[in-house]
Amino acid sequence: MRARRLYRWSWVVLLLATTAGAIVFARWRSAPSPDVLLDRSRAALTLGRYERAEQLAADVPKNSPLFAEAQLIAGEAATKQRRYEDALTYYAAIPEDDSEASVTAIYCAGDILFRLGRPGQAERRYRTVLKHRPDDLWAHQQLGKMLGAFGRRWESIPHLFELIRRGQWTLEELLLLGDANTAVAPPEDLEHYRASAPDEALPL
């Protein structure tokens with residue numbers, strides 16, 4: 001009698017295990033591949049469906065070759081939703097190297113940090129971009145503006161000169177380069193920078 005009960009229970013357990021395995025396998029088979037997730041997240045981003053784009057991109061597994069590109073999309077989608085700290089987390093998840101995705105993530109993180117009032121941290125990101133891409137126009141432009149606005153005019157000269165050399169200058173940049181001793185009004189939101197990063201040297 002006891003052996004018969006054990007036999008019945010073993011069949012029940014086996015049936016449950018088989019059913020659970022089938023469900024898991026079916027879900028695994030039906031889960032979109034990383035390239036499909038990436039395509040869908042790009043489309044959602046283009047359509048302005050930022051929350052959906054972020055969700056899809058965040059589902060791309062870390063071991064996928066498409067992970068870095070997915071993190072870029074997730075970071076942009078989070079930025080569009082003004083969730084800047086989340087965007088920084090996505091960008092930081094991309095390993096730093098010489099790849100286009102990595103350099104783009106570093107630059108985007110610099111822009112966010114500058115917007116959040118952390119110019120010192122932003123400066124480090126822009127300089128890292130130039131370490132990998134010495135000719136990057138946007139990094140030179142950001143550093144030229146930032147260093148000039150925060151009183152480090154002489155340090156801004158090489159970056160402004162690069163803009164002139166590349167033919168991507170404005171009249172203001174020409175004037176600043178022509179006389180490095182010209183007084184420049186401090187940023188209008190200087191108190192924002194001081195409040196956000198009270199110990200950083202640039203706002204001080």
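Is Arg127 buried, partly exposed or exposed, and at what relative accessibility? In this predicted model, Arg127 comes out at 35% relative accessibility, so it counts as partly exposed.

Zooming out, the protein chain is built from eleven helices, with zero strands. Of the 204 residues in the chain, 37% are buried. As for how the chain packs against itself, take the contacts between residues at least 6 apart in sequence: 50% of them join residues at least 24 apart. The chain exposes about 12900 Å², and carbon and sulfur atoms supply 58% of that area.

Salt bridges turn up 14 times across the whole structure. One of them pairs the side chains of Arg127 and Glu155, at 4.0 Å from N to O. Arg127 sits in helix α7 (residues 119–132) and Glu155 in helix α9 (residues 153–165), so this pair ties together parts that are 28 residues apart in sequence. Glu155, at 38% relative accessibility, is partly exposed. The side chain of Glu155 also meets that of Arg152 in a salt bridge, with 2.7 Å between N and O. Arg152 has 25% relative accessibility and is likewise classed as partly exposed.

Another salt bridge links Arg166 and Glu162, whose closest N and O atoms are 3.6 Å apart. Here the two partners fall into separate classes: Arg166 is partly exposed at 34% relative accessibility, whereas Glu162 is buried at 10%.

How values were computed: Residues numbered from 1 in each chain as written. Predicted model: local features only at pLDDT ≥ 70, side-chain atom pairs only at ≥ 80, totals over all residues. Heavy atoms only, no water. Helix = DSSP H or I, 4+ residues; strand = E, 2+ residues; numbered from the N terminus. Buried < 20%, exposed > 50% of the residue type's maximum accessible area, 1.4 Å probe, protein only. Contact = heavy atoms within 4.5 Å. Areas by Shrake-Rupley, 256 points an atom, 1.4 Å probe, with all protein chains shown as cover.
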